[in-house]
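User: Could you take a close look at the aromatic rings in this model for me, and at the annotated active site as well? I would like one connected walk-through.

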Amino acid sequence: MGIRRVFSSLSHYMLPRKRAVEGEPVNVSDCESVKRQHFVCCTENSNNQAKNSSGGVGNSNSSGNCSEPTVTDMAFDDGTPRDIDEDLHSRQLAVYGRETMRRLFASNVLVSGMQGLGVEIAKNLILAGVKSVTLHDEGTVELWDLSSNFVFSEKDLGKNRALASVQKLQELNNAVTVLTLTAKLTKEQLSDFQAVVFTDINLDSATEFNDYCHNHQPPIAFIKTEVRGLFGSAFCDFGPAFTVVDVDGEEPHTGIIASISNDNPALVACVDDERLEFQDGDLVVFSEVRGMTELNDGKPRKVKSARPYSFTLEDDTTNYGAYERGGIVTQVKQPKVLNFKPLKEALKDAGDFLLSDFSKFDRPPLLHLAFQALDKFVSELGRFPVAGSEEDAQKLISITSNMNESLGDGKLDDINPKLLRHFAFGARAVLNPMAAMFGGIVGQEVMKACSGKFHPLFQFFYFDSVESLPAEPIDPSDFRPLNTRYDAQISVFGSKLQKKLENAKTFVVGSGALGCEFLKNLALMGVSCGSTGKLTVTDDDVIEKSNLSRQFLFRDWNIGQPKSTVAASAALAINPQLHIEALQNRVGSETENVFHDAFWENLSVVVNALDNVNARLYVDQRCLYFQKPLLESGTLGAKCNTQMVIPHLTENYGASRDPPEKQAPMCTVHSFPHNIDHCLTWARSEFEGLLEKTPAEANAYLSNPAEYASATRNAGDAQARDNLERVIECLDRERCESFQDCILWARLKFEDYFANRVKQLAFTFPEDAATSTGAPFWSAPKRFPRPLQFSTSDPSHLHFIMAGSILRAGTFGIPIPDWVKNPKKLSETIDQVIVPDFQPRKDAKIVTDEKATSLATASVDDAAVINDLISKLEKCCQALPPNFRMKPIQFEKDDDTNYHMDLIAALANMRARNYSIPEVDKLKAKFIAGRIIPAIATSTAMATGLVCLELYKVIDGSHKVEDYRNTFANLALPLFSIAEPVAPKVVKHQDMSWTVWDRWIIKNNPTLRELLKWLSDKGLNAYSISFGSCLLYNSMFPRHKDRMDKKIADLVRDVAKVDLPAYRNHVDVVVACEDDEDNDVDIPQISIYFR
């Protein structure tokens, strides 16, 4: 950690290589096996054990027949082919699902026009994994293109754009075929593709190609898109009857039924642990309903009068059976057919435009006209308008005006000449942030066209960010090209803002998916590329295979390397003028010696590219403190949001927070689950307890028995007692010395978890049990469980034993034999295990209190029990080999060969089977138990493009709050909600006012008395002063008056016992004040400078 490097050589990170070979066996180190003395019901297959003592679980079974299915194959064989690299695409699979991914894998796409927009679209499609992407461009690379295209360098000048792009785009995903076309396209060539995208085409040609695609059988999805300066457009036509399979990508909503009336219409009430998400008109089906079984026919029924916890049905249930209990209601998602119009018709009758910014509700019709006028301008003059040319701008305005007049009754009242002037000036430029944003939007539309997943854009979308222009008017001479890679950007913003961008001091926090996109964007924009500019990027993570489907600056050969250094190296390859430093430090209170006051004070802007709220809140507080702009963004599947945090203009990130995620009560998870999430939460908890926490506790004792015993006695609570019992169980009764012992352990765990515990629960609370009020105990949402009968003929039972025994062996350092994956050999071994009969206990205590936070019950004699347990532990450890230590296993979800998810999925599914809850495959289990955040490249690209449009405003430095924009978008719908940020709350006192952005600074190291006097002069009576959690002064304590003449910094040292390091020149104190009327006044933090 803390390594800083500025990269100048990039050849290592840019060499094309193939993806690494998968499926390597797991190696388990050899260890000495000690003969057991106290297990008598184990197997006798010792002669077959560990044929290769240092070998792992190989890919072949002991019979040598490689085609024979393994236990894992059998357990998760749902009839679907395993043709998706789940390690690589896990986050994308969480968004799309397997069926959509397979459709993408079979799709061939054409992208025409390899300027900035085309390459962004192609990048996103290649990362997603379509079958092939064909790049088309007849033109050659110009210096102008380097403003927006991340694959071009000055060495490519004069080369065909498509040919210059192919190698670096191919590196993104070797599973995708990347082809090129460099000659003029013919209509007939389009028949080779499922979707075609044109980014630089005139309307006449577009109309011709679109007609061909629209009438082709089957229709070819056609998209025309372009970005012109700060203006962008997109048009989609997926054919005359396009079927959307899933309009929003959300899981079907469900509810647990509490009651159903015998009425017309019937009233359905659901339990109130979660609000219903049904809407009027939704179709739902019923299952598991007791009594009113007529509803279990699988027939979809329409919802009416939807409310948070109830709804009515159109059905007459008067003559149905009386509802008794139970039942699940599930939404039925319906496909939707869209009738697209061809471009020729849509230009004349556009229909409803997709609106993004509600402050510009009249803008789309004008831009619809303006883009047509620009096409006519180019067709007449053979060129785009020149930036800064008033003559060209007036010609474009005139063309627009004439076109508007020809519309008759449909003409616009105002064609906004000022806006059209900006449009004309930037018409030739493709800006990187606009290309990134539209690259995300259009890339997603292509995937909708190829898969039917998510609702397409129907049919026109227009966007502008004219507010990003400098607040002060730009002199026309400032637009002149300077023969640099930034000339396109200069043609929009002028050379003065370009200079400011180049000299910015930027801090990018994180270099994952968002960070990679940001570094690419910033490098192309020229941010921190000047003589005094500097970009610092930090990330303490290393590259994993699952990163490669989104974090596009990384390659296969970078796996295991630090994200920040590889990303910095790749960004430097995009723009060698970038001044970048890569750190590997987490940003937090523990690294304030690295990110110290001088570091923060020197920054121009901070860009967050983080994936957790706590880190975001810390950076937010630092930016508040040092009054630095913070550009915040995040993604969740197809959704993304951006938030601008601008000093004194907007509220900060932490000013408003999402409510905490609802947690299931502990008793629900452990005894009364009613959905698969509960089962998976329990499964992960058991995994960590058995394989990580208990072995770690055992090692803690073995490392220092006296210290562990003392700490346990001092704790003296139920948790300490529980920990001791688990350690003794692990090291004594359940200690494993051979692999057969591990199989025995796993088989008995199966019996305990899925048979005995369920029998005990049913014994304690029979199916007809009632609560103290007389209500049925097993009423919704509780589900009555049934014990499982183990069978070696059930592949999922075998799979549990296999995964459990392998991982148990790992914690004891026991070699793993090859035969464990052979179903026949494993079954023979399991059949020899003797399972004791179970007798339910009458005194068993099962927690039913939903507010309980622990399953361990306190006892008055915990201390005595703990002493007895420590004595037992000391005795059992005498039988252990010298220097014996366990090997705790830390859960790792992204290694498909380590059996972690195999065991968790098996645990969860067997438990689900107990409670008649639908089971899930290993991938779905991985999403839930691994808490995987769904992620795709398109929403990431869009978010970073939007943020970088705001960055122009931040660096310009003279924009008002109404110029800034926060965004929420959902590409699945698609929905764009762009709005002005919220201003910070203002506190007023006498003739003063302040916000959360203000910090009062007092220099010259004042005494306590001087500080109180300084506040009193402002009409503020301080009654409490604290530093962190330490109270420096309180007016209620007479002894604190002795501190009046001490310096504040000395009080911090003496009272708070804080050592002030050399890099710290001030301390921050929190002061509680009242006004003269004894009303509390919330004042800013006060910084006392003592150096």
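Analyst: Happy to. Let us begin with burial: a residue counts as buried under 20% relative accessible area, exposed over 50% and partly exposed in between, using a 1.4 Å probe and protein chains only. This is a predicted model, in which local features need pLDDT of at least 70 and side-chain atom pairs count only at pLDDT 80 or more, while totals for chains, interfaces and linings use all residues. Residues are numbered from 1 along each chain as its sequence is written, and side-chain values use heavy atoms, leaving out hydrogens and water.

Now the rings. Rings of Phe, Tyr and Trp (for Trp, the six-membered ring) pair if their centres lie within 6.5 Å; planes under 30 degrees apart are stacked, over 60 edge-to-face and the rest tilted. That rule gives 48 aromatic pairs. One of them joins F507 and F599: their planes stand at 90° with the centres 4.9 Å apart, so the pair is edge-to-face. F507 lies in strand β16 (residues 505-509) and F599 in helix α16 (residues 597-601), so this pair bridges distant parts of the chain, 92 residues apart. Helices (H or I, at least four residues) and strands (E, at least two) are DSSP runs numbered from the N terminus. F507 is buried at 0% relative accessible area, and F599 is buried too, at 15%.

F750 and F790 also meet edge-to-face, because their planes are at 80°, with 5.0 Å between the centres. Here again distant parts of the chain are linked: F750 sits in helix α22 (residues 739-764), and F790, 40 residues apart from it, is in the loop between α22 and α23 (795-812). F750 is buried with 0% relative accessibility; F790 is buried with 12%.

Elsewhere, ring pairs tie together a cluster whose members include F198, F235, F371 and Y462.

Some rings have a charge over them, meaning that NZ of Lys or CZ of Arg is within 6 Å of the ring centre and within 35 degrees of the ring normal. The charged end of R911 is placed over the W682 ring, 4.3 Å from its centre, and that of K1018 over the W1014 ring, 4.5 Å from its centre.

Finally, your active site. An unreviewed UniProt entry lists C667 under "active site"; UniProt positions follow the numbering used here, feature names are shortened, and annotations may be inferred rather than shown by experiment. C667 belongs to helix α18 (residues 666-671) and is buried, at 3% relative accessible area. Leaving aside residues up to four places away in sequence, C667 touches F672, V847, T848, D849 and E850, where contact means heavy atoms within 4.5 Å.
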